[in-house]
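Please read these points with the model open beside them. They are meant for someone who has not seen it before.

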Amino acid sequence: VGFSLIDLVLFNDVALNNLKLIASAGQFRTYAASSAYFLRSEFIAALEHDLKSFKEAQDRNSVVADYIKTEHLRNYEATTAGSIRDFYEEENLFTRQPIGSKWEMVAQSFWTLGNDWARRSDLGGY
């Protein structure tokens with residue numbers, strides 16, 4: 001009986017935490033995709049020398065970048081030890097970055113990339 005009660009309490013706690021994390025991750029993906037579209041709008045407006053449209057897209061992207069930062073931190077803090085936390089912390093995602101006079105592959109964590117995406121989204125066309 002004790003094992004069943006512990007399993008029931010543990011399962012419910014883990015299951016609820018996983019459901020919350022899945023819902024929150026969905027919001028993060030939505031914000032990240034929105035940011036990409038707003039950034040695209042900034043580039044198109046810049047090419048067309050449309051300052052008003054550029055500023056509107058830039059302002060929206062700045063708001064979305066704040067949401068990305070908030071959700072990314074919330075998702076990270078909601079993770080527990082294990083594979084999801086490892087995914088956030090392990091530097092096994094590679095990006096090309098300009099270092100010196102050449103482009104080099106740099107290993108980064110999902111945590112770092114999420115923060116970098118939000119920072120660059122907020123900068124937008126600056």
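1. Basis. This is a predicted model, in which local features need pLDDT of at least 70 and side-chain atom pairs count only at pLDDT 80 or more, while totals for chains, interfaces and linings use all residues. Residues are numbered from 1 along each chain as its sequence is written, and side-chain values use heavy atoms, with hydrogens and water left out.

2. Helix pair. Helix α2 (residues 51-78) packs against helix α4 (residues 110-123) at about 165 degrees, and their axes are 7 Å apart. Helices here are DSSP runs (H or I, at least four residues), numbered from the N terminus. Axes are lines fitted to C-alpha atoms over the stretch in contact, with angles running from 0 to 180 degrees between N-to-C directions. The angle makes α2 roughly antiparallel to α4 (the term applies over 145 degrees).

3. Contact of α2 with α4. Which residues of α2 meet α4? Among them are Gln58, Asn61, Ala65, Ile68, His72 and Tyr76; the α4 side includes Phe110, Trp111, Trp117 and Ala118. Contact means heavy atoms within 4.5 Å. By class, there are nine nonpolar, seven polar and two charged residues (Ala, Val, Leu, Ile, Met, Phe, Trp, Tyr, Cys and Pro count as nonpolar, Asp, Glu, Lys and Arg as charged, and the others, Gly among them, as polar).

4. Core. The largest nonpolar core consists of six residues: Phe28, Tyr31, Phe38, Val64, Ile68 and Ala118. Such a core is a set of buried Ala, Val, Leu, Ile, Met, Phe, Trp, Tyr and Cys residues joined through side-chain atoms within 4.5 Å. Helices α1 (2-47) and α2 each give two or more residues to this core, and the largest share, three residues, is from α1. Leaving aside neighbours within four places in sequence, Phe38 contacts Ala57, Arg60, Asn61 and Val64.

5. Ser35. This residue of helix α1 has 1% relative accessibility and counts as buried (buried is under 20% relative accessible area, exposed over 50%, partly exposed in between, with a 1.4 Å probe and protein chains only). Beyond four places in sequence, Ser35 is in contact with Asn61, Val64, Ile68, Trp117 and Ser121.

6. His49. Is His49 buried or exposed? With a relative accessible area of 72%, His49 is exposed. His49 lies in the loop between α1 and α2 and has a positive phi of about 55 degrees although it is not a glycine.

7. Phe110. Located in helix α4, Phe110 is partly exposed at 21% relative accessible area. Residues up to four places away in sequence aside, Phe110 touches Phe28, His72, Phe87, Tyr88, Glu90 and Leu93.

Conventions
Parallel < 35°, antiparallel > 145°, perpendicular 65-115°, else oblique.
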